[in-house]
Amino acid sequence: MPDEPHRGPVLSVAALRKHYGDTIAVDDISFAVRRGEIVGLLGPNGAGKTTTLNMVLGVLEPSAGRIVIDGLDVARHRAEALATVNFAAVYAPLPGNLTVWQNLRVFGLIYAVPDLRTRIEQLLEQFDLQTFRDSKCGVLSSGEQTRVCLAKAMLNQPRLLLLDEPTASIDPASARELRQMIRAIADRGDSGILWTSHNMHEVEAVCDRVLFVSRGRVLLEGDPRRLPAERGAASLEDLFIRVAREPLSFGAGAGA
Ligand SMILES: Nc1ncnc2c1ncn2[C@@H]1O[C@H](COP(=O)(O)OP(=O)(O)OP(=O)(O)O)[C@@H](O)[C@H]1O
């Protein structure tokens, strides 16, 4: 592992493929996520977004292609590369019978976080969770649980943060607050964020760049605030629907 901090992209994915038998879930995807950047991975159900995230997380083995996290090739430096990544998703809640403090402690031990007690206190404050420290996660509201998941995802100060629909099932006020917290994490400039969402208003508000994926391929890439006009669409949502309905008319993929 290099001593000097790596200055290139936090994530670089090249010619990534995944097939399940005859089903091609991810078909030659290439993209990058830079420091300080929030990249939206958009696409209809079944487009290959979760499969892509799972390969970056090391949960799924790619059929082909290369994943480099913070300068480290995941195929050759798996443990070091994955130590700089973290993840939050609504479908991966924390154990409900453990308190907020216990959950953060268990995950902190798994990530071998130095001075764990201090780090947990910082995160409880950052995510406004002090009052819930001794509450069991299972009794918390969806918004509170999402904040705990995010605190857990920040334990190891990841260079790459993967968020799979982080604001799904939470109210608009909590979602806005959460987006501001995530934006602030990116704005510090040390880490990059890959974000999946089906909420195009949210994507416009928070993402610096989006990748439209359909049938396992990247069909469009650009600034979510400029792309609709560039492509003659009334809004990002309108563009999303067009790409999902007519993927062939959007041609070949866009690289990193
Ligand atoms: N374990 C598996 N075995 C076979 N096919 C799979 C498996 N996992 C995913 N697929 C298929 O791969 C394709 C991509 O699925 P994936 O879950 O990555 O899509 P997604 O873009 O995350 O969709 P959603 O928005 O619905 O979560 C789909 O056609 C899906 O049915």
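Helix 6 spans residues 172–187, a run of 16 residues. From its first C-alpha to its last it reaches 22 Å, close to the 22 Å expected at 1.5 Å a residue. These values come from a predicted model.

Four residues of helix 6 are buried: Leu 178, Ile 182, Ile 185 and Ala 186. Seen down the axis of helix 6, the buried residues fall within an arc of 95°, so they line one face of the helix. The face turned away from this buried side carries exposed residues. These are Pro 172, Ala 173, Gln 180, Ala 184 and Asp 187.

The buried residues of helix 6 pack against both strands and helices. The strands are strand 3 (38–42), strand 7 (160–164) and strand 8 (192–196). The helices are helix 5 and helix 7 (200–206). Just after helix 6 comes Gly 189, which takes a positive phi of about 90°.

Helix 4 covers residues 116–126. Ile 120, Leu 123 and Leu 124 are buried in this helix. The three cover an arc of only 105° around the axis, which puts them on the same side of helix 4. Thr 118 and Glu 125 lie on the other side of helix 4 and are exposed. The cover over the buried residues of helix 4 includes helix 3 (100–110) and helix 5 (142–154). Asp 128 follows helix 4. The phi of Asp 128 is positive, near 55°.

Gly 143 is found in helix 5. This glycine counts as partly exposed because it has 16 C-beta neighbours inside 10 Å; a buried residue would need 20 or more, an exposed one 12 or fewer.

Leaving aside neighbours within four places in sequence, Gly 143 is in contact with Ile 170, Asp 171 and Ser 174. Ser 169 is 26 residues from Gly 143 in sequence. In space the two are 7.9 Å apart, C-alpha to C-alpha.

At the level of the chain, the unreviewed UniProt entry places the feature "domain: ABC transporter" at residues 11–240. Over residues 11–240 the chain is 35% helix and 27% strand. The end C-alpha atoms of this stretch are 24 Å apart.

Key. Residues are numbered from 1 along each chain as its sequence is written. This is a predicted model: local features need pLDDT of at least 70, side-chain atom pairs count only at pLDDT 80 or more; totals for chains, interfaces and linings use all residues. Helices (H or I, at least four residues) and strands (E, at least two) are DSSP runs, numbered from the N terminus. The arc is that of the directions from the helix axis to the C-beta atoms. Two residues are in contact if their C-beta atoms, placed from the backbone, lie within 7 Å. The expected span of a helix is 1.5 Å times one less than its number of residues. UniProt positions are given in the numbering used here, feature names are shortened, and annotations may be inferred rather than shown by experiment.
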